[in-house]
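Student: Please take me through the aromatic rings of this model. I would like a close look at how they pair.

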Amino acid sequence: MTAPTTRTASGAAPVITGMGIVAPTGIGVDAHWASVLAGKPGIGRIERFDPEGYPVRHAGQVPGFDAQAGVPSRLISQTDHWTHLALAAGQAALEDCGADLARIPEYEMAVVTSSSSGGTEFGQKEMTALYRNDPSWVGAYQSIAWFYAATTGQLSIRHKMRGPCGVLACEQAGGLDAIGQARRLTRKGARLVVTGGTDASLCPYGLTAQLTTGKLSTVADPERAYLPFDAEASGYLPGEGGAILVLESAEAAAERGAGTGYGRVLGYAAGFDPAPESGRPRALRRTAEAALRDAGLGPADIDVVFADAAGLPADDRDEAEAIAQVFGPRAVPVTAPKTLTGRLYGGGAPLDVATALLSLREGVIPATTGTREPAPGLEIDLVTGDAREAALRHALVLARGHGGFTSALVLGR
């Protein structure tokens with residue numbers, strides 16, 4: 001499906017005016033961007049539990065995160081680590097955007113986030129209490145802390161945002177879907193929407209669930225485990241964190257002097273892969289083309305593509321072929337800075353959007369760290385080694401989720 005138009009009633013695309021980042025590359029916009037430009041990985045041995053008995057022992061982890069410093073104390077015991085990350089990032093994003101929430105009607109502010117796994121760590125703790133003891137040991141907050149919409153609810157309550165709220169559970173693609181829904185809400189009267197997402201499933205229960213997909217890399221060397229588009233690609237490493245963004249209608253941002261903020265959301269589309277046995281092509285090419293049409297742009301208008309970068313040979317080839325079919329062989333720079341963080345599921349695409357906006361602002365395309373020798377036959381201009389300076393106007397962000405979810409978002413400077 002595609003959104004019917006990129007325009008609000010006045011004809012202007014909504015803008016992203018605030019960003020809060022909690023990622024393996026750092027906490028805060030400046031720390032994250034510095035790590036991305038330096039190609040500094042945030043992947044290390046899993047620390048939230050002992051991973052010794054698991055085939056995957058490394059992941060992207062948010063360094064130095066202190067829930068006590070960024071989350072109301074009563075919520076720490078009532079919510080999962082994934083929600084803690086989002087609450088801290090949400091507060092940072094709202095401070096960054098500079099909007100006076102007290103001057104905006106409650107029903108003209110909304111929250112739409114993405115979540116893939118929900119509160120798995122909280123859920124495991126409560127299930128362990130049940131199995132080792134009896135039902136009386138299970139806390140009342142288990143009923144809400146695990147739920148996919150917990151983060152949306154807590155952000156809405158904390159900031160008194162009573163407009164339309166929701167959650168998208170479409171794995172990696174869900175982060176773009178959440179922003180697409182936020183854009184729809186600005187067309188329907190919302191002045192400000194908190195969107196994006198985080199994920200955090202680095203616990204035995206969560207990691208075991210991820211292993212069942214067969215897509216995680218079991219290569220022991222963390223520097224060679226996640227190599228999208230590489231001849232040695234073997235899967236990906238997981239991670240925690242993401243980005244929370246503030247999307248405002250162009251009118252609301254202009255009224256308070258925020259201008260175009262970090263950039264504009266120009267186009268969005270979503271699709272779903274057909275069944276593998278159908279013989280029909282996967283959805284990525286037509287989804288990217290639909291997003292460009294939605295933005296009113298052609299392939300020549302896109303200056304950089306932020307790839308989904310699954311790190312699996314077949315999926316990488318499918319994405320490379322889709323990009324080459326849309327833009328032409330090696331016709332547009334392609335990058336995947338998520339190799340520094342691992343795939344963050346519901347938080348991964350929002351972090352890519354944040355990175356793409358910074359890339360547009362600074363005129364720099366970050367490199368795909370780790371990938372050295374692109375797989376033969378991939379006709380894409382993959383940026384590797386060092387970051388590349390370029391005059392950038394528009395970026396296309398691609399995302400795919402386990403099970404067939406596919407999304408594309410077009411951003412403008």
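Tutor: The structure holds five aromatic pairs. Rings of Phe, Tyr and Trp (its six-membered ring) pair if their centres lie within 6.5 Å; planes under 30 degrees apart count as stacked, over 60 as edge-to-face and the rest as tilted. This is a predicted model, where local features need pLDDT of at least 70 and side-chain atom pairs count only at pLDDT 80 or more, while totals for chains, interfaces and linings use all residues. Residues are numbered from 1 along each chain as its sequence is written, and side-chain values use heavy atoms, with hydrogens and water left out.

Start with Trp146 and Tyr148. Their pair is edge-to-face, at 6.4 Å centre to centre and 75 degrees between the planes. Trp146 is partly exposed, at 36% relative accessibility. Tyr148 is partly exposed too, at 32%. (Buried means under 20% relative accessible area, exposed over 50%, partly exposed in between, with a 1.4 Å probe and protein chains only.) Ring pairs join Trp146, Phe147 and Tyr148 into a cluster.

Now take Phe272 and Phe405. Their ring centres are 5.2 Å apart and their planes lie at 80 degrees, so this pair is edge-to-face. Phe272 belongs to strand 9 (residues 263-272) and Phe405 to strand 16 (residues 405-412), so the pair ties together parts 133 residues apart in sequence. Strands are DSSP runs (E, at least two residues), numbered from the N terminus. Phe272 is partly exposed, with a relative accessible area of 45%. Phe405 is partly exposed at 27%.

Note on methods. Helix = DSSP H or I, 4+ residues; strand = E, 2+ residues; numbered from the N terminus.
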